[in-house]
Amino acid sequence: MCKTLRVRWTLIPQTAPQPWITCSGCRGLRPFRCSGKIRLNANGRRLDAWLIYKCLDCDKTWNRPVFERRNVRDIDPAVMEAMQGNDPDWIRAEAFNLEALRHKSTRIDEFSEVEISKEILGEAPGGTRLAIELAAPWPVDLRLDRFLAAELKISRARLAALHESGGIRTEPDGILRRRIRSGTVVFLDLSAGEEPMASLRSLAVGDGA
Ligand SMILES: [Zn+2]
């Protein structure tokens with residue numbers, strides 16, 4: 001790992017997935033957006049919890065079940081507290097719960113806008129290698145090669161050529177054209193010198209971005 005600039009990019013998607021649900025107001029399938037609110041209903045020892053969605057066209061609500069008739073004793077106290085306090089982090093995690101949404105809808109719109117926070121993990125002066133660790137706490141609807149091309153201002157053809165020549169590799173291997181997954185590391189070896197390291201460095205660490 002000598003002479004490598006190591007960075008971590010954390011990708012935060014800006015809009016939660018929107019399931020298409022039959023809207024009783026519009027009388028047809030419509031995309032619904034998450035309202036960021038939880039509704040709880042206690043019935044004796046049993047609890048229902050729903051995440052509230054709203055039709056994009058008419059604002060009619062749809063309640064996505066998070067729990068149904070769950071015994072209160074079986075609910076993690078931390079989850080209970082998060083739901084009662086409308087905890088934004090907990091709600092965000094639920095809003096990005098694609099697995100749960102797929103049980104309720106066959107069509108889900110996802111959004112590719114992400115906010116990226118970039119931090120340096122380690123740097124050796126004069127290096128020509130770059131390692132980018134990707135962290136995606138919530139699912140991100142972006143293909144890795146498109147994302148890298150845009151962020152590093154390298155054409156996709158050039159990326160493909162670098163991949164071919166071993167100038168770029170990923171861990172795990174073979175995922176350059178796949179959707180971004182958290183934990184992926186991208187290694188770039190720029191010793192061929194076609195891309196000036198100084199400009200890539202500033203893109204990698206987010207200087208002046
Ligand atoms: Zn509607």
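1. A quick definition to start: domain bounds here come from an automatic or database domain assignment. Keep in mind, too, that you are looking at a predicted model. For this chain the assignment gives two parts: domain 1 takes in residues 4-14 together with 112-205, and domain 2 covers 18-109.

2. Now see how the two parts sit relative to each other. Between the C-alpha centres of domain 1 and domain 2 there are 35 Å. Five residues of domain 1 and four residues of domain 2 make up the contact.

3. What area is buried between domain 1 and domain 2? The value is about 460 Å², with 64% of it coming from carbon and sulfur atoms.

4. The residues of domain 1 that touch domain 2 are four nonpolar and one charged, with no polar ones.

5. Finally, have a look at the zinc ion. Its protein donors are the SG atoms of Cys23, Cys26, Cys55 and Cys58, lying 2.3 Å from the ion. Along the chain these donors follow the spacing C-x2-C-x28-C-x2-C. Why is the arrangement tetrahedral? Because the four donor atoms subtend angles of 98 to 117° around the zinc ion, and the rule asks for all angles to lie between 85 and 135 degrees.

How values were computed: Residues are numbered from 1 along each chain as its sequence is written. This is a predicted model: local features need pLDDT of at least 70, side-chain atom pairs count only at pLDDT 80 or more; totals for chains, interfaces and linings use all residues. Side-chain values use heavy atoms; hydrogens and water are left out. Contact means heavy atoms within 4.5 Å. Buried area is the accessible area (1.4 Å probe) that two parts lose on being put together, summed over both. Ala, Val, Leu, Ile, Met, Phe, Trp, Tyr, Cys and Pro count as nonpolar, Asp, Glu, Lys and Arg as charged, and the others, Gly among them, as polar. Donors are N, O and S atoms within 2.8 Å of the metal (3.2 Å for Na, K and Ca); water is not among the atoms, so sites may look incomplete. Four donors count as tetrahedral if all angles lie between 85 and 135 degrees; four count as square planar and six as octahedral if opposite donors are over 155 degrees apart and all others between 65 and 115; anything else is irregular.
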